[in-house]
Each structure stands twice: as structure tokens, then as C-alpha cells.
Amino acid sequence: MQFAVIGLGVFGRACAFELQSQGNEVLGIDMDENEVNKVSDILSHSVIADATDIDTLKELNLSQFDGVIVSIGEDLEASLLCTLNLIKLPVQNLWVKAKTDAHHDILDSLGVTNIIHPEQDMGIRIAQAMAYPMMKQYLSLGNDEFLVRIDVPEQLRPITVGKIKSRHPDTSLLLIIRDNHVERNFDSDTVIQYPDRLVYTGLVSDLKYLSKSFIQS
């Protein structure tokens, strides 16, 4: 797949490098030669270009890419102009980094559905990780439903899947990761113990209660 990242600051580089590491073809775009030089040996392609110029965007053929990330940081006008031009092309699967609430509102009024708040999102993740340290990774499924990975703590006494289910009936265990192997074929008699990693789904309130019970056991 082909992706483009416009704006190669810290956040943009992180997105570009991760997409590249997944085996995708990635084009990095920035007006700053120094930023482009930082990624030139890693990304498939990198160019020094003005992404606020719609003719430049057309020349880069971005309308044929599978997704585009706009990660222009401090320059609100440049971010909005670039986004507007990408919408006009048009491009598919557009993601835009918003710096402020006002920036978000303008992007929303332009019809952008994938708006990113890196600092805010990371702050929420850190706070949740501090409050519920067993919940290492999570994915929102909408309607307050989450998919989470819970790392079994060392102090948890061995307990069966059935016993956990009886105490937390509104959560569902999907996978057990044990010794770097994913186990899908388990039953109520399967014993859970440290250092298992568990993949659960459920409402966030139920999952937090489950995670907290592991710590207190």
C-alpha cells in the first residue's frame, strides 16, 4: 500500500516510520530540507515540497495513494490550506493532526472525519496506564466498548477462566498469550497465571474493574 505523510516533525516521522516498518511504500513531504534529510534513508521516497500548493500535490499524484496524513504542526494556515487542497483533489483516507480545539472545529467543518490530537490522546493513555497498570494496550470499538490487553501481575494467584467469568460476567476473554504463543482453544478450566497476557473485550467500566481485581488479588 502507498501512504504519504505531510509534515515530518516528531509525530509525522513516527507515523511514517511505523507505516514503512509494516511493509508499506511511504512518501514523506516537508518544506524543510533538514526534516526531509532525517527520513531520506528510511522512507521509500521523500521530497522537499510546498504542500499548500495544489499543483504540487497533483504532481505528487496523492489522489492515487491509499492514505494521507497531514502532520503540519504550528502553522495553522498551512495545515488548513493543505487539507483543503487534498479534499479538492480528492484523496482517500485523510488523517489530519489538530493543534487546538479551534483547529479541530475548522477541520470538522471542512468534512475531515479523522482528526488527530497526539498530545491529548497520549495524555489520556498515560493517565489510564497509571491508574490501571495492567491494561497495557487498548482499542476503542465505539459505544464505550473496548478491546484491551491485560498483563497478569505476579501477585495474582492461579485462577481458572471460569472463575474469572463468574466474577466478571460482562467481560469476554478472546485470547491468551502464553510463552509468545496465542491460545484460542481454552475452556472454563484453563488456568490463568503470571506472566500470561489476556485479550479481553467489554465496557470500559467492567474492564477497569477486572484489571483492578487482578491487582488486589
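Begin by selecting residues 1–116, the stretch that the unreviewed UniProt entry annotates as "domain: RCK N-terminal"; such positions follow the numbering used here, feature names are shortened, and annotations may be inferred rather than shown by experiment. The model is predicted, with local features requiring pLDDT of at least 70 and side-chain atom pairs pLDDT 80 or more, while totals for chains, interfaces and linings use all residues. Residues are numbered from 1 along each chain as its sequence is written, and side-chain values use heavy atoms, leaving out hydrogens and water.

Within residues 1–116, 41% of the chain is helix and 22% is strand, and the end C-alpha atoms lie 21 Å apart. Helices (H or I, at least four residues) and strands (E, at least two) are DSSP runs numbered from the N terminus.

**The sheet**

Next, display the strands in the order E3-E2-E1-E4-E5-E6: these 6 strands form an open sheet with parallel pairing. Two strands count as paired if DSSP finds at least two bridges between them. At the edges are E3 (45–48) and E6 (114–116), each of which pairs on one side only. From one strand to the next, the twist averages 15°.

Now select E1 and E4, which run parallel and are joined by 4 bridges. Ala4 stands opposite Val68 in E4.

**The helices on the sheet**

Axes are lines fitted to C-alpha atoms, for helices over the stretch in contact, and angles run from 0 to 180 degrees between N-to-C directions.

**The cores**

Show the side chains of Ile6, Leu62, Leu86 and Leu94, which touch the most other members of the largest nonpolar core, a set of 23 residues. A nonpolar core joins buried Ala, Val, Leu, Ile, Met, Phe, Trp, Tyr and Cys residues through side-chain atoms within 4.5 Å; buried means under 20% relative accessible area (1.4 Å probe, protein chains only). Among the elements giving two or more residues to this core are E2 (25–30) and H4 (76–88). H4 supplies the largest share, 4 residues.

Apart from this core lies another, of 18 residues, including Tyr138, Val152, Val161 and Tyr200.

**The two domains**

Finally, colour domain 1 (1–115) and domain 2 (131–212) separately; these bounds come from an automatic or database domain assignment. Their centres, taken over C-alpha atoms, are 37 Å apart.

How values were computed: Buried means under 20% relative accessible area, exposed over 50%, partly exposed in between (1.4 Å probe, protein chains only).
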